[in-house]
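Please open the model in a viewer and keep the selection tool at hand. The tour visits the ligand and then a pair of helices.

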Amino acid sequence: MAKGTVSISVIRRLPRYHRFLKDLLVSGTERISSGDLAARMGLTASQIRQDLNCFGGFGQQGYGYNVKALYEEIGHILGLDKHHKAILLGAGNLGRAIAMHMDFDSRGFDLLGIFDHNSQLVGREVRGVAIRSSAELEDFCCENHPDIAILCIPKEAAKRIAPMLIQHGIRGFWNFSHYDLSLEYDGIAVENVHLGDSLSTLCFRINELEQDS
Ligand code: NAI
């Protein structure tokens with residue numbers, strides 16, 4: 001598959017396929033037709049076929065998809081079978097919730113360290129990972145070479161700290177701060193997460209329903 005040939009909207013659907021296939025796997029389902037998978041996911045069979053054809057297909061006429069093989073293949077396409085070293089900046093309410101509840105392991109992420117500049121938090125642990133002083137961050141990056149940074153710090157702090165992280169080899173940001181890194185840095189993968197945007201979308205959809213009734 002040539003780099004950049006698959007649209008971002010298809011790529012954004014892959015984690016959802018992966019999640020549904022995992023549920024099927026856990027429930028002991030060995031194979032599934034594109035029609036059945038589509039019905040479970042609220043998509044059409046042709047949409048699923050089209051999406052998966054971007055990566056070479058995987059289904060067999062009259063058989064459907066082998067659930068385990070497709071689950072593994074999509075995981076491979078997503079790169080979940082690779083190993084990534086992550087650090088998390090900001091051990092406040094959001095950072096602690098993410099460190100506590102996110103299943104990093106199953107996605108191939110190793111959370112190496114959590115950093116905060118609040119000395120009262122330093123030394124505590126979140127899910128077995130120690131919170132370190134942000135004064136140690138640069139040395140830590142030099143020694144451990146993390147490639148992903150999870151930003152749960154305020155906008156201004158994210159803006160200030162990003163160049164140093166990139167200089168030390170960070171290639172991807174899971175960015176919860178409200179600073180849009182992707183506008184400034186080429187060649188760096190940024191996933192901006194805005195829960196507020198999702199809530200605003202819900203608001204729009206509720207308004208639409210009210211106008212229809
Ligand atoms: P918080 O105030 O509980 O935690 C922020 C933490 O970051 C504090 O512990 C603080 O000491 C630390 N910090 C600040 N500057 C730092 C630096 N340079 N290096 C290391 N640590 C630093 O805030 P909360 O609720 O955890 O939110 C964190 C950020 O995420 C806020 O800026 C907030 O606006 C944003 N946020 C984003 C959401 C989203 O959907 N994208 C949802 C909720 C919050």
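A polar contact here is a pair of N or O atoms within 3.5 Å; within protein, one must be able to donate a hydrogen and the other to accept it, and residues adjacent in sequence count only if both atoms are side-chain atoms. The model is predicted, so local features need pLDDT of at least 70 and side-chain atom pairs pLDDT 80 or more, whereas totals for chains, interfaces and linings use all residues. Residues are numbered from 1 along each chain as its sequence is written, and side-chain values use heavy atoms, without hydrogens and water.

Select the ligand and His117: a polar backbone atom of His117 is 3.4 Å from a ligand nitrogen atom. At Leu94, a polar backbone atom is 2.8 Å from a ligand oxygen atom.

The ligand is surrounded by 19 residues, and Leu94, Asp116, Phe176, Val193 and Leu195 are the closest.

Finally, select helices H1 (residues 8–26) and H2 (residues 34–41), whose axes come within 11 Å and cross at roughly 105°. H1 is therefore roughly perpendicular to H2, a term for angles of 65 to 115 degrees. Show Arg16, Tyr17, Phe20 and Leu24 of H1 with Leu37, Arg40 and Met41 of H2, which make the contact (heavy atoms within 4.5 Å).

Note on methods
Axes are lines fitted to C-alpha atoms, for helices over the stretch in contact, and angles run from 0 to 180 degrees between N-to-C directions. Helices (H or I, at least four residues) and strands (E, at least two) are DSSP runs, numbered from the N terminus. Angles under 35 degrees count as roughly parallel, over 145 as roughly antiparallel, 65 to 115 as roughly perpendicular and the rest as oblique. A residue is near a molecule or strand if one of its heavy atoms lies within 4 Å of it.
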